[in-house]
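Hi everyone, thanks for making time. Let me put the structure on the screen, and then I'll walk you through a few parts of it.

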Amino acid sequence: MQPTIVFVQLGENPSPSLMSMANSSKGSANSVKIYLITDLPESWEDFPGEIVNYQKKHRDEFILKFIKRNPELNSISGGYWLYTLERLFALKRIYDVLTPAASFVHLESDVLSLLHDSDFQLLREKVKRVACPRFSKDRGIASVFFVPNEIEYDRTLKAFTHILNGPDAPRNDMDLLGACLNSGQIEELPSLPGIS
């Protein structure tokens, strides 16, 4: 299965590091395929991979309800915290171009990929659920976010929705991922040497 890296860029505040990180990731694995999911494809014509268009009509119904419940998130840092949460749902668009059995790694736009072909293979063999590193005891981080297949991602999206609909619902992606890590809904990717 071809190693796949997916970036997401939503909104009108472009990441200054996305292009350099995408270009760097092309050299880390021999056969890596790179995608960018974005709502402004015309702004990323020089992206060194394939663009996947994400428009309002593609927005998950839950995200639309979440935005209505939390309108203030639109005005904080140009919608940054809203978009970091929404991108976890926008990633579903990748399965319009990948097969349901395909796995992928989502990287945040400021993450330098040092992943090699063997790393993608190891992830496919060892990690059976959606996974990300832990940032703290209560927070996760989607700096490196692994999805093993579409069925597992659909299961995780249901867990996200359930948690975000619950009492004391998190309002950002890091708290959401932390809740999922702590409840065992997703796996933790090791982020310290010697941990397997």
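Thr-4 stands opposite Lys-33 in β2, and that's where I'd like to start. Residues here are numbered from 1 along each chain as its sequence is written, and side-chain values use heavy atoms, with hydrogens and water left out. This is a predicted model, where local features need pLDDT of at least 70, side-chain atom pairs count only at pLDDT 80 or more, and totals for chains, interfaces and linings use all residues.

Strands β1 (residues 4–9) and β2 (residues 33–38) run parallel, joined by 6 bridges; strands are DSSP E runs of at least two residues, numbered from the N terminus, and two of them pair if DSSP finds at least two bridges between them. β1 also pairs in the parallel sense with β4 (residues 104–107), over 2 bridges, and there Ile-5 stands opposite Val-105.

So, is β1 buried or exposed? 6 of its 6 residues are buried, so β1 is largely enclosed by the rest of the structure. Buried means under 20% relative accessible area, exposed over 50%, partly exposed in between, with a 1.4 Å probe and protein chains only. Thr-4, Val-6 and Val-8 cover one side, and Ile-5, Phe-7 and Gln-9 the other.

Now to helix α2 (residues 61–69), where Phe-62, Ile-63, Phe-66 and Ile-67 are buried; helices are DSSP H or I runs of at least four residues. They cover an arc of only 140 degrees around the axis, which puts them on the same side of α2; that arc is taken from the directions from the helix axis to the C-beta atoms. The face turned away from the buried side carries exposed Glu-61 and Lys-68.
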